[in-house]
Amino acid sequence: MSATTDFIPLNLCVLTVSDTRTAENDSSGDYLATALVDAGHRLVERAMLPDDIYRLRALVSKWIADEGVDGVLVTGGTGFTGRDSTPEALLPLLDKPMPGFGELFRAISVDEIGTSALQSRAFAGVANGTFVFCLPGSTSACRTGWEKLIRAQLDARTRPCNLAGLRPRLRER
């Protein structure tokens, strides 16, 4: 779908995955929530859950089942430690993975953090017509993902094309 001349606000949810953060020190979730609202989108719901595959899957399943939710931004749980489980929890929910997102995120990250970028398991895709973006837990990684990839693709005015423009056709069967 091609770009439009009008901005179309999307309804987005933010999930922070962490065993250690609290609402008081969730700088990554704070950043994403503020950034999406500043860009003109609506924050529908925000949550924080520990690294637990089934709780993550249950909440994101609820959001993607809601036709009023256009996208989900997840921060945290994408590393390699024993508790990092965001990919294991959410990849099975995707109808269509978006391999280019993780590839581009890591390519951009190399300029910022060097070869440490290979430790990121950032990914994205579409589940039940809802965009799902999963980023590392650091605020700088969330900033990179939002500013260099997600913001433009969720803006229907981005040329030559964007994800927002695909939204009306995502639930086609």
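Biologist: Why is Thr78 called buried in this predicted model?

Modeller: Buried means under 20% relative accessible area. Thr78 has a relative accessibility of 3%, so this residue counts as buried.

Biologist: Where does Thr78 lie, and which residues does Thr78 touch?

Modeller: Thr78 is placed in the loop between β3 and α3 (86-90). Leaving aside residues up to four places away in sequence, the contacts of Thr78 include Asp84, Thr86 and Pro87, as well as Gln119, Ser120, Arg121 and Ala122. Cys134, Leu135 and Pro136 are also among the residues that Thr78 touches.

Biologist: What makes the charged end of Arg121 count as sitting over the ring of Phe80?

Modeller: The distance part of the criterion asks for CZ of Arg within 6 Å of the ring centre. The charged end of Arg121 is 5.6 Å from the centre of the Phe80 ring and sits over that ring. In another such arrangement, the charged end of Arg143 sits over the ring of Tyr31, 5.1 Å from its centre.

Biologist: Which rings are linked into a cluster, and how many aromatic pairs does the whole structure hold?

Modeller: Ring pairs link Phe101, Phe105, Phe131 and Phe133. A search of the whole structure finds three aromatic pairs.

Biologist: How do you know that β3 and β6 pair?

Modeller: Two strands pair if at least two bridges are found between them. Strand β3 (residues 71-75) and strand β6 (residues 130-135) are joined by five bridges and run parallel, so they meet the definition. Within this pairing, Leu73 has Phe133 of β6 as its bridge partner. Helix α2 (residues 53-65) packs on the sheet and touches β1, β2, β3, β5 (123-127) and β6, with a direction at about 170° to that of β2.

Biologist: What makes β2 and β4 the edge strands of the sheet?

Modeller: The open sheet has six strands in the order β2-β1-β3-β6-β5-β4, with mixed pairing. β2 (42-49) and β4 (96-97) each pair on one side only, and these are the edge strands. Helix α1 (residues 27-38) lies across β1 (11-17), β2, β3 and β6, and runs at about 170° to β2.

Biologist: Why is the protein called as compact as a globular protein of its length?

Modeller: The secondary structure comprises five helices and six strands, in the pattern β-α-β-α-β-α-β-α-β-β-α along the sequence. The globule rule gives 16 Å for 173 residues, and the radius of gyration of the protein is 15 Å, close to that value, so the protein is as compact as a globular protein of that length. Of the 173 residues, 49% count as buried.

Terms used. Residues numbered from 1 in each chain as written. Predicted model: local features only at pLDDT ≥ 70, side-chain atom pairs only at ≥ 80, totals over all residues. Heavy atoms only, no water. Helix = DSSP H or I, 4+ residues; strand = E, 2+ residues; numbered from the N terminus. Contact = heavy atoms within 4.5 Å. Axes fitted to C-alpha atoms, helices over the stretch in contact; angles between N-to-C directions. Phe/Tyr/Trp six-rings, centres within 6.5 Å; stacked < 30°, edge-to-face > 60°. Lys NZ or Arg CZ within 6 Å of the ring centre and 35° of its normal. Buried < 20%, exposed > 50% of the residue type's maximum accessible area, 1.4 Å probe, protein only. Rg over C-alpha atoms; globule rule 2.2 N^0.38 Å.
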